[in-house]
Amino acid sequence: MKIHEYQAKELFRNAHIPVPAGEVAFSVDEACTTAENLNSYPVVIKAQIHAGGRGKGGGVKLANSREEVKNIASHILNMNLVTPQTGPEGKLVKKILVEEGLNIARELYLSILPDRATASIVIMASQAGGMDIEEVAAKSPQKIIRVSVNPLVGIEPYHCREVAFGLDLSPEVSKQFCSMLIKLYRLFVARDCSLVEINPLVVTEENAIIALDAKIDIDSNGLYRQKDLEDWRDTDEEDPLEVEASRFNLNYINLAGNVGNMVNGAGLAMATMDIIQKAGAEPANFLDVGGGANAEMVENGFRIILADKNVKAILINIFGGILRCDVLAEGVVQAARKTSIPVPVVIRMEGTNVEQGRKILAESGLNLITAVDLNDAANRIAEIVKG
Amino acid sequence: MSIFVDKNTRVLVQGITGREGQFHARQCIEYGTNVVAGVTPGKGGLTMDDVPVFNTVREAVNKTGANCSMIFVPPAFAADAIMEAADADINLIISITEGIPVMDMLRVKHFLASKSSRLIGPNCPGIITPGQCKVGIMPGPIHLEGNVGVVSRSGTLTYEVVDQLTKQGLGQSTCIGIGGDPVNGTDFIDCLAAFEDDPATKGIVMIGEIGGSAEEEACTFIAEHVSKPVVGFVAGLTAPPGRRMGHAGAIVSGDSGTAQAKIDAMRRADVHICADLGTLGKFCSRVFAGNKD
């Protein structure tokens with residue numbers, strides 16, 4: 001789960017990790033009040049959306065007076081911000097962060113994330129703050145400092161020293177940095193983060209270390225013990241259909257194509273999308289109804305798929321295991337009767353009790369096209385959408 | 001022969017009195033698996049069908065000689081259950097549970113490093129040696145005894161592949177789902193090494209998916225250490241970057257974890273890449289033709 005910069009900074013502040021003074025604003029008036037309270041110009045106004053590259057899209061501006069705050073805030077609030085990460089459709093800005101301006105001497109990069117290969121927690125840092133870490137990794141990988149921490153032992157001072165020396169910090173700054181890094185690591189662990197990134201982490205001309213930016217992703221599997229963070233989920237930032245699907249415990253991702261598809265199991269669902277594309281059509285979604293799907297989930301699946309107006313046909317691909325094909329076929333027939341499906345449906349079933357399942361579909365009187373195998377299913381669906 | 005489980009495996013089920021645990025314990029028993037014990041804290045002394053239930057794994061091991069545990073406890077308690085099993089010196093721990101926090105798995109993985117136990121999963125369908133032992137949630141009847149080893153990150157996609165193999169008359173030595181989580185126990189390399197050493201395995205099918213670099217690392221291993229023919233398949237060519245495709249570990253981040261990178265790695269390791277899931281069974285028939293007994 002993603003959270004906003006202002007929320008990440010609240011977690012930082014609570015953990016005594018230095019951040020610029022500032023506050024989130026939902027209106028131009030609030031922005032002006034916050035700027036006045038900061039009591040010194042310039043202030044920085046930052047669009048709060050769940051995507052990076054906000055500066056490049058015009059979502060981060062400096063304001064030198066109350067008048068400028070007013071102008072910039074009214075421009076950014078409700079703007080459709082397009083950044084390299086939002087896609088061409090952009091994102092509507094509903095809140096802005098108003099912060100004190102800093103006298104920046106150096107910009108650094110710092111992040112913490114789990115490393116799947118070594119099952120450790122990795123601290124990454126670089127002197128090239130403000131740049132995408134992927135870009136630094138591609139151009140000059142030797143400039144990235146990587147320190148692995150054993151999660152059973154936790155962070156030790158030598159980890160911090162290694163990063164601090166790598167960043168070429170002065171002794172005075174280094175001391176602050178190490179203290180901050182320990183707090184950051186502990187926050188990462190305590191809050192079930194899957195990413196904490198500060199880009200840039202700045203050293204000010206007054207030799208203070210401050211997190212100018214803050215990005216935190218939370219491991220959704222850990223949310224059951226982070227109840228207060230659960231409320232920070234911002235469904236405005238998500239696809240409405242995906243929000244709806246998540247209410248029914250369906251794993252749904254909206255895509256650009258026109259072939260809706262419903263599959264049991266994530267791996268098979270991905271493979272089904274691939275097959276659709278191989279047959280010359282484009283999947284409209286990823287939808288995993290789960291290994292143990294029932295009639296109700298199939299029905300909800302139909303509803304979600306059909307809410308996407310681009311969908312011209314639906315492919316159902318089920319491998320019946322513990323969930324038998326006859327039970328599933330009943331579910332499909334029931335759901336189809338209830339939902340009245342306006343597009344052709346191709347069904348491919350295999351596995352336990354497949355013969356009974358096919359019989360139920362054939363005898364339903366519904367216009368369901370039964371495919372004999374995977375490729376037959378994909379070819380039929382491609383023919384339909386190509387007209 | 002087979003890898004990791006066979007007819008001598010003595011299985012205990014952690015969470016045997018829960019809905020899932022009970023259902024699948026029964027399915028395994030029906031398949032012929034020797035389920036010797038169940039563990040549910042507070043329910044010691046009861047029985048599930050004829051299986052005795054114990055309060056702790058250690059007690060179950062002491063009284064029944066269980067050497068393999070299948071775990072169905074909810075995600076919040078799963079890391080604890082895995083560590084309890086490892087501390088009781090269970091040889092093989094299979095965690096079916098989906099949704100364990102990554103932070104918990106990081107700790108588990110380092111804890112296991114000091115133990116002799118092997119962990120399969122979490123978030124996996126389990127393991128089956130057809131005709132001998134099923135420790136997992138896969139449908140038993142689609143499997144056939146034989147000499148193809150199957151290793152996969154997925155569940156139903158594996159069933160699909162196994163079903164096609166069986167229909168081609170290609171039986172399986174052992175089929176393992178290593179799970180769809182970013183941090184898991186047994187990996188592709190462990191399974192490939194075991195299949196390479198297993199005289200009953202003549203060919204291997206490896207099913208990968210987007211996310212991480214486990215397939216790439218496996219391919220480096222294959223190039224150096226695997227002499228048996230390997231068929232490879234990768235799911236997720238059309239998956240958009242930055243989106244988690246159902247499995248917690250199935251995500252393309254930046255340029256890493258793409259299906260294409262995995263397919264390229266397979267090609268370099270002379271893995272027989274099957275691009276068409278619809279005909280994977282037939283493809284394997286052709287590749288393994290020279291390897292049938």
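User: What conventions apply to the model and its numbering?

Analyst: The model is predicted: local features need pLDDT of at least 70 and side-chain atom pairs count only at pLDDT 80 or more, while totals for chains, interfaces and linings use all residues. Residues are numbered from 1 along each chain as its sequence is written, and chains are lettered from A and ligands numbered from 1 in the order in which they are written.

User: Which strands pair with β2(B), and in which sense?

Analyst: Two strands pair if DSSP finds at least two bridges between them. Strand β1 (residues 11–14) of chain B pairs with β2(B) in the parallel sense over four bridges. Two bridges join β2(B) to strand β4 (residues 51–54) of chain B, also in parallel. B:G38 in β2(B) is opposite B:V13, and it also stands opposite B:V53 in β4(B).

User: What handedness has the β-α-β unit that contains β2(B)?

Analyst: A crossover is right-handed if, with the strands pointing away from the viewer, the path from the first strand over the helix to the second runs clockwise. The unit made by β1(B), helix α1 (residues 19–31) of chain B and β2(B) is right-handed.

User: What is the strand order of the open sheet in chain A, and why do β1 and β3 of chain A each have one side without a neighbour?

Analyst: The four strands of this open sheet follow the order β1-β6-β2-β3 (chain A), with antiparallel pairing. β1 (22–25) and β3 (60–63) of chain A stand at the edges with a single partner strand each, so one side of each lacks a neighbour in the sheet. Neighbouring strands are turned by 20° against each other on average, direction ignored; axes are lines fitted to C-alpha atoms, for helices over the stretch in contact, and angles run from 0 to 180 degrees between N-to-C directions. Strand β2 (residues 43–47) of chain A is joined to β3(A) by four bridges, and A:I45 stands opposite A:K61 in β3(A).

User: Which helix packs on this sheet?

Analyst: Contact between two residues requires C-beta atoms, placed from the backbone, within 7 Å. Helix α3 (residues 66–76) of chain A packs on the sheet and touches β1, β2, β3 and β6 (96–100) of chain A; its direction makes about 10° with that of β2(A).

User: How many residues of chain A and of chain B are in contact, and which element of chain A gives the most?

Analyst: In this case, 44 residues of chain A are in contact with 46 residues of chain B. On the side of chain A that touches chain B, α9(A) gives the most, with ten residues.
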